[in-house]
Amino acid sequence: MGGYPAAIRASQLGLKVALVESGKLGGTCLHIGCIPTKALLESSELYHRVATRGAEFGLKAEVVGYDYPRMAERRDAVVGQLYKGVLYLMKKNKIEVVAGKGKLRDRNTIDVNGKQVKAKNLIIATGSTVKTLPGLELDGQYIISSDHAVLSKSAPESICIIGAGAVGVEFATFYNQLGVKVTLLEALDRMVPLEDEDVSKEMLSAFKKAGIEVQLGVKVKGAKKARDGVTVETDQGEVWAKQLLVAVGRVAISKDLGLEQLGVQTHPNGFIKVDEWMRTSAEGIHAIGDVVGGYLLAHAASHEGIVAAEDIAGQRLAPMEQNLVTRCTYSHPQIASVGMTEKQARDAGHEVKIGKFPFSAIGRAQIHGETAGFVKIVADAKTGQMLGTHIVGASIDSGNSSSISTLDSCAGTIRTCRSGRRASRSSHIWSCTTGNSFPRTIWSRRSGSTPPSRTTPFRNACSRFVAHSMMIRRPPSGPWRGAATYSRCPCRWYSVVADWWTANSRARRLPVDSRGRGLGWSWLPCS
Ligand SMILES: Cc1cc2nc3c(=O)[nH]c(=O)nc-3n(C[C@H](O)[C@H](O)[C@H](O)COP(=O)(O)OP(=O)(O)OC[C@H]3O[C@@H](n4cnc5c(N)ncnc54)[C@H](O)[C@@H]3O)c2cc1C
């Protein structure tokens, strides 16, 4: 996923680019990750909503069922369409695609199927692969990974999922919505352990309400085939299910790439060490995406690819900041978050102030018929600086403009309501990949840095809209571009989208004057 945006950016900056790919362009995200899983979730969500709540919404549907092969067909069609788009982008940007498994020969050469590809600079974007636990051998039929589950042509009658991280809870949601009996096992004492603790609690209560059996603090010892299914042995007894899905994280694909001989250092867990410009310890070699660790998310990989390409082209804009990576989990309820959790903020020595707003008080949530969930803002009590935002609730990704629209606007709302302060104090560009967003920091007051001279803050204090802010900046060459944050009016969600660097069909050109001041903007309703 990160490799092709890096290639496009490098090409846009005037570099000659070759892309070596052993599988299919688009990688995990397009073929066995974000896109197919979200396509499946779209079907299961629709089915579940109509089947269980149709009557409440005034729908008459005597028989509501699902046809898994048809869902799988649609999944494949969505992937196929987007894949064509990636192929087109390669042609359009004159990127040479070299098919085959690459191995580094020296700092300027990659061996691919006996052929040598030479370049002044290299970017490693080999991604990650599924991980399993000792004693659990993936057979693709009874004991499966997310790769198998994504590409499956049918749903089992029951499933046991090990791991309540993002992948585990998304599959638990998917199967539960299709009426499959789901047991979710997690070794730690809470679900979605990377998220804020309040989010974990909300998830647990929502999952239990949905009929998913969640067992926390459970250590899996092994699994064996039994009664045309799998018996999972844990330190708290046995669980039987038709299938076992192992969703315990991913490992970097960094072995056998020839990294050692070139001095590319890795962490003990295999992830490649990089600095904030995605440079490895070897001169001329960058690495991006899942293979460098951090948040293993497509938009992060894509953003890192762009940072690396700009660094190589000598056109640095802003370094990669892991703490600004936005996270989305497409379970039911969904989760969106950015920055520190409350605990992380306290551990980092902040005097913390919390702003929490329940979905039950939001008109849109009432209309949607999903009032569970909240927005939680973690701020520094002394400075008012926003440190993190955490949202859990239904359909927070709606409108494809991502939860972060909710996030930033709510930050503004809460600040405005509680402290009378204006909008969020930092500005980012949020862009969409798969409904997620990634921040492209233009200038953040959070860092306390002086804004670069080409950056002009642009704010609007419209009385109707709660709060929003915008930054306009100009790339080292070329026209002024706009950055955007999002806002909310009292009755519905809106996003304001300006023109930015990544291709995005929803982007609108933002008129600006010669000094980069915004002259207008377009409002795109989110739902
Ligand atoms: C089930 C699932 C759901 C997900 N959902 C989301 C989501 O909703 N949102 C989100 O942001 N992220 C999601 N992710 C994560 C996302 O897919 C990854 O973070 C993203 O794909 C990482 O991009 P990458 O470029 O680092 O690696 P990849 O996308 O894996 O790309 C690496 C590419 O390198 C190729 N390759 C590897 N080794 C070699 C070699 N030696 N020579 C040549 N080519 C090689 C591979 O074939 C692959 O095409 C999901 C992941 C999974 C598994």
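**Close-up views of a predicted model**

View 1. When its neighbours within four places in sequence are left aside, valine 112 is in contact with Val20, Val98, Gly100, Lys101, Gly102 and Val117. Valine 112 and serine 22 are 90 residues apart in sequence, and in space their C-alpha atoms are 9.1 Å apart.

**View 2. The open sheet that contains strand β4.** Three strands, in the order β3-β4-β5, form an open sheet in which the pairing is antiparallel. At the edges stand β3 (102-106) and β5 (115-118), each of which pairs on one side only, and from one strand to the next the twist averages 35°. Strand β4, made of residues 109-112, is joined to β5 by four bridges, and these two strands run antiparallel. Within this pairing, aspartate 111 stands opposite glutamine 116 of β5.

**View 3. Valine 17 in a loop.** Valine 17 lies in the loop between α1 (3-12) and β1 (18-21). It counts as buried because 23 C-beta neighbours lie inside 10 Å, where 20 or more are required. Apart from its neighbours within four places in sequence, valine 17 is in contact with Ala7, Ala10, Ser11 and Ile95. Isoleucine 95 is 78 residues away from valine 17 along the chain, yet the C-alpha atoms of the two are separated by 5.3 Å.

**View 4. The hairpin of β12 and β13.** Six bridges join strand β12 (residues 220-226) to strand β13 (residues 229-234), and the two strands run antiparallel. Together β12 and β13 form a hairpin with two residues between them, and in this turn arginine 227 has a positive phi of about 45°. Alanine 226 has glycine 229 in β13 as its bridge partner.

**View 5. Helix α1 packed with helix α8.** Two packed helices are described by the angle between their axes and the distance between the axes. For α1 and helix α8 (residues 298-312), the angle is about 30° and the axes are 7 Å apart, and the crossing is right-handed. On the side of α1 the contact is made by Gly3, Pro5, Ala6, Arg9 and Ala10, while α8 brings Ser302, Gly305, Ile306, Ala308, Ala309, Glu310 and Ile312. By class, these residues divide into seven nonpolar, three polar and two charged.

**View 6. Helix α3 packed with helix α6.** The axes of α3 and helix α6 (residues 166-177) come within 8 Å and cross at roughly 40°, in a left-handed crossing. The contact is made by Thr37, Leu40, Leu41, Ser44, Glu45, Tyr47 and His48 of α3, together with Glu170, Thr173, Phe174 and Gln177 of α6. The contact of α3 with α6 has four nonpolar, five polar and two charged residues.

**View 7. The shell around the ligand.** Of the 35 residues around the ligand, those that come nearest are Gly23, Gly27, Gly33, Gly127 and Gly289. At least two residues of the shell are supplied by each of β1, α2 (27-31), α3 (34-53), α5 (146-151) and α8. The shell divides into 15 nonpolar, 16 polar and four charged residues.

Methods. Residues are numbered from 1 along each chain as its sequence is written. This is a predicted model: local features need pLDDT of at least 70, side-chain atom pairs count only at pLDDT 80 or more; totals for chains, interfaces and linings use all residues. Two strands pair if DSSP finds at least two bridges between them. Axes are lines fitted to C-alpha atoms, for helices over the stretch in contact, and angles run from 0 to 180 degrees between N-to-C directions. A residue is buried if 20 or more other C-beta atoms lie within 10 Å of its own, exposed if 12 or fewer, and partly exposed in between; C-beta atoms are placed from the backbone. Two residues are in contact if their C-beta atoms, placed from the backbone, lie within 7 Å. A crossing is left-handed if the near helix is turned anticlockwise from the far one by less than a right angle, and right-handed if clockwise. Ala, Val, Leu, Ile, Met, Phe, Trp, Tyr, Cys and Pro count as nonpolar, Asp, Glu, Lys and Arg as charged, and the others, Gly among them, as polar. A residue is near a molecule or strand if its C-beta atom, placed from the backbone, lies within 6 Å of it.
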